[in-house]
Amino acid sequence: MKILPVSKTDPASWAADNRADLRSLLAADGAVLVRGLEIADVSTAAAVSRALIDSFVTEREGFAPRDSLEHGVYSATKWPSDQPMCMHHELSYVTDVPTVLAFTCLRAPVSGGVTALADSHAVLDSLDPDVVARFSEHGWQLVRHYNGLVGVSLADAFGSSDKDVIEAYCEAHGISLTWGADGSLRTTQTRPALVRHPASGRLGWFNQIAFLNEWTMDPDVRDYLITAFDGGLPFNTFAGDGTPLDRATVDAINAVYDTHTIREPWQDGDIMLVDNIRMAHAVEPYKGEREIVVAMGEAVRIKEY
């Protein structure tokens with residue numbers, strides 16, 4: 001990741017004037033952090049993000065709640081501050097994936113809370129070949145249970161709570177579904193676990209296999225959710241052929257991520273551009289108030305790779 005210090009100036013104008021250089025650094029390094037713009041509010045963060053990203057993505061199928069602040073700009077995912085958010089690529093389970101992310105820190109926490117990064121190419125090269133072969137052949141599968149207790153609402157996930165609209169969305173995006181008698185929804189989708197970068201053509205480990213798996217959850221949380229959902233979970237991952245994953249496989253994937261993690265503590269006013277195809281990201285536990293906003297943009301259809 002490239003860290004670029006700048007002198008205080010008008011943030012949006014500076015971003016527009018330096019867009020070409022920033023995008024070149026992003027292409028070369030996979031991420032670039034700009035420090036010194038002193039971005040202090042959502043409107044300024046949105047203006048800077050618009051100067052650097054061609055088109056914003058409206059989030060669908062989010063796995064945890066977040067607030068929509070301005071068109072295409074969202075709060076960070078609402079996640080317990082004492083729990084890590086493990087390495088993942090944003091929306092790697094949807095068909096049209098954002099390729100560029102802009103994270104802006106409006107308020108840094110007292111401690112922790114780093115948005116850490118890991119290069120998907122390096123991760124793929126370091127994984128056990130047998131694990132790679134398994135997921136290369138079958139992809140990975142995400143099973144979700146939308147309910148009124150945990151996670152996002154149907155309206156937030158699909159843009160509507162109307163069953164016909166949801167079913168049409170799922171059909172268009174290769175998602176199978178089953179409605180529960182209580183109005184809950186269970187969905188299953190299978191996606192590629194390895195993806196070629198649209199610019200370099202290089203293969204990377206691109207998925208949320210380990211993050212959204214039961215073995216990455218805190219054991220007490222996992223046990224509670226299994227009890228609450230009669231043996232199921234709000235979300236879980238499997239091999240693409242539907243076979244369950246064992247703890248050793250999930251732990252091994254997370255261990256490789258740990259080996260390749262790079263981290264830079266946030267400072268107020270920072271903005272970080274991230275190549276979402278190349279770089280996985282994670283959020284470390286933190287203390288104190290933490291306010292990060294994100295814009296996601298320039299979506300590509302994964303099946304094209």
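Visitor: Is R278 buried or exposed?

Guide: Buried means under 20% relative accessible area, exposed over 50%, and partly exposed in between, with a 1.4 Å probe and protein chains only. R278 has a relative accessible area of 17%, so R278 is buried. This is a predicted model, in which local features need pLDDT of at least 70 and side-chain atom pairs count only at pLDDT 80 or more, while totals for chains, interfaces and linings use all residues. Residues are numbered from 1 along each chain as its sequence is written, and side-chain values use heavy atoms, with hydrogens and water left out.

Visitor: Where does R278 lie, and which side chain does its own side chain meet in a polar contact?

Guide: R278 lies in the loop between β16 (271–275) and β17 (279–283); helices (H or I, at least four residues) and strands (E, at least two) are DSSP runs, numbered from the N terminus. A polar contact is a pair of N or O atoms within 3.5 Å; within protein, one must be able to donate a hydrogen and the other to accept it, and residues adjacent in sequence count only if both atoms are side-chain atoms. The side chain of R278 makes such a contact with the side chain of D119, at 2.9 Å. The R278 side chain also reaches the backbone oxygen of A28, at 3.2 Å.

Visitor: Which residues are in contact with R278 beyond its neighbours within four places in sequence?

Guide: Contact means heavy atoms within 4.5 Å. With those neighbours left aside, the residues in contact with R278 include D29, H89, S120, H121 and H197.

Visitor: How should I read the phi angle of E61?

Guide: Most residues other than glycine have a negative phi. E61 is not a glycine, yet its phi is positive, at about 65°. E61 is found in the loop between α3 and β3 (68–70), and its relative accessibility is 0%, so E61 counts as buried.

Visitor: What is the phi of E298, and where is E298 placed?

Guide: E298 is a residue other than glycine with a positive phi, near 55°. Its place is in strand β19 (residues 291–301). At 14% relative accessibility, E298 counts as buried.

Visitor: Which residues of helix α3 are buried, and what is found at its start?

Guide: In α3 (residues 42–52), the buried residues are A45, A46, V48, S49, A51 and L52. At the start of α3, a side-chain oxygen of D41 comes to within 3.3 Å of the backbone nitrogen of S43.

Visitor: What surrounds L33?

Guide: L33 is found in strand β2 (residues 31–35) and is buried, with a relative accessible area of 1%. Leaving aside neighbours within four places in sequence, L33 is in contact with residues including M1, I3, W266, I271 and M272. L33 and A102 are 69 residues apart in sequence, and 9.6 Å separates their C-alpha atoms in space.

Visitor: How many helices and strands does the protein chain have, and how much of the chain is buried?

Guide: The protein chain has nine helices and 19 strands. The radius of gyration, taken over C-alpha atoms, is compared with a globule rule of 2.2 Å times the number of residues to the power 0.38. Here the radius is 19 Å, close to the 19 Å given by the rule for 305 residues, so the chain is as compact as a globular protein of that length. Of the 305 residues, 52% count as buried.
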